[in-house]
Amino acid sequence: MNAQPGRAVRAAHTATTVTVYQAYAPALGLPAARDGRFPTAWKRDRMTWVKPSFLWMMYRCGWATKADQETVLAVEITREGFDGALAGACLSHFEPGTHTDRAAWRDALSRSAARVQWDPERDLHLNPLPYRSLQLGLSGPASRAYADSWTVSIRDVTPLAREIHDLLRSGRTDAARALLPAEPPYPTGPLPHLGA
């Protein structure tokens, strides 16, 4: 197995889009998938977290079994929006070496509508791996842009999550692995302001 960088964005992507995952209660997730856009009930002024890693999403939502996370959405957004959010993002916590001091970090955080956390990537059994994947939090103007401007398509991938989970529970690991979305390295270039 090739060594993975400690922090990197791996995501399904095309020349113009990148796919991120979120999980919602069916009352919100199903209309979003049906209409290909977030409904008016989706709170555009709240912080929303998107995850390019399918398996990290499965870890977070328990294979679509946790309350209010029973509908898993694959949200295809513009690379322009995603790249812009990353360029203007700030780490969600102070990190020596990335920030000159806590005051500089607090200042950057107060000016940014996007937050980044690097969380341990997960394997097929949702165990932590020794490298990290991106979580991107969007608030205010970034959250509204995500919902209303960047979104290209929304698909309900709950059946895929359940199929993979069922295969795993029956011991068919190779068949489960074959269904995982391909998530090659995403070409962000260096992200020194995010510790990557």
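How many bridges join S5 to S6, and do these strands run parallel or antiparallel? The model is a predicted one, with local features needing pLDDT of at least 70 and side-chain atom pairs counting only at pLDDT 80 or more, while totals for chains, interfaces and linings use all residues. Residues are numbered from 1 along each chain as its sequence is written, and side-chain values use heavy atoms, with hydrogens and water left out.

As for the opening question, 8 bridges do the joining, and the two strands run antiparallel. Strands here are DSSP E runs of at least two residues, helices are H or I runs of at least four, and both are numbered from the N terminus; two strands pair if DSSP finds at least two bridges between them. Arg115 sits opposite Gly137 in S6. The open sheet has 4 strands in the order S2-S6-S5-S4, with mixed pairing. S2 (48–50) and S4 (90–91) take the edges with a single partner strand each, so one side of each has no neighbour in the sheet.

On to the packing. A nonpolar core is a set of buried Ala, Val, Leu, Ile, Met, Phe, Trp, Tyr and Cys residues joined through side-chain atoms within 4.5 Å, where buried means under 20% relative accessible area (1.4 Å probe, protein chains only). The largest such core has 34 residues, and Phe38, Phe82, Leu86, Val116, Leu136 and Tyr146 have the most contacts inside it. H5 gives the most to this core, with 5 residues. Apart from it lies another core of 19 residues, including Met58 and Ala176.

Note on methods: Buried means under 20% relative accessible area, exposed over 50%, partly exposed in between (1.4 Å probe, protein chains only).
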